Amino acid sequence: MRRKIFAAAAVLWMIVIFSFSAKVSEDSEEMSRSVGMLIGKTVIKEYKEWPEKRQAAYAAKIDYPVRKAAHALEYVILGILLTGAILDIGNPWKRQLPACFFIGAAYAASDEFHQLFVPGRSGQIRDVMIDSAGVAAGIILACLAIKAFQCRKPRKIEGNCQETT
């Protein structure tokens, strides 16, 4: 049941990613600019007193890192969801984790290809690499969470943190 829920969540999240990628460049830029302004308001105490022009300049200055962080975060979440959908905890992980990565990386590549057809957008190999790194990070985080959860449970399972009687 867990795997079905994660699979459904992964598909829904892919739809969310697709919808972000389907935004024309002006809408996408406006969204990242508003995130930049929110970061300014949150991080810089005197940001609200700055003139609008300076606030906009700050948001523009951090636009590139905001966009790349958004790419990575979208795919960290996808990596976590794919791991939850694919990983059968009772079987060897070494055979299952590459499938999680390759599905996520393939989706990243297809999403960048999709952007070639969106007005003002482009598909970037660099973004596929950032997205794929996000998938890998999500898989690692999911595995660490699973291991941590297993270590908290007092059970005798070969290969678990420690055996208890």
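Is Phe101 buried, partly exposed or exposed, and what is its relative accessible area? Phe101 is partly exposed, with a relative accessible area of 26%. Here buried means under 20%, exposed over 50% and partly exposed in between (1.4 Å probe, protein chains only). Phe102 is exposed, at 55%.

The model is predicted, so local features need pLDDT of at least 70, side-chain atom pairs count only at pLDDT 80 or more, and totals for chains, interfaces and linings use all residues. Side-chain values use heavy atoms, without hydrogens or water, and residues are numbered from 1 along each chain as its sequence is written.

Rings of Phe, Tyr and Trp (its six-membered ring) pair if their centres lie within 6.5 Å; planes under 30 degrees apart are stacked, over 60 edge-to-face and the rest tilted. The count by this rule is five aromatic pairs. Phe101 and Phe102 pair edge-to-face, at 5.6 Å centre to centre and 70 degrees between the planes. Phe113 and Phe117 also pair edge-to-face, at 5.2 Å and 75 degrees. Phe117 is exposed, at 60%. Ring pairs join Tyr47, Trp50 and Tyr58 into a cluster.

A nonpolar core is a set of buried Ala, Val, Leu, Ile, Met, Phe, Trp, Tyr and Cys residues joined through side-chain atoms within 4.5 Å. The largest has 17 residues. Tyr75, Trp93 and Tyr107 are among those with the most contacts inside it. Another core lies apart from it and has six residues, including Tyr47 and Trp50.
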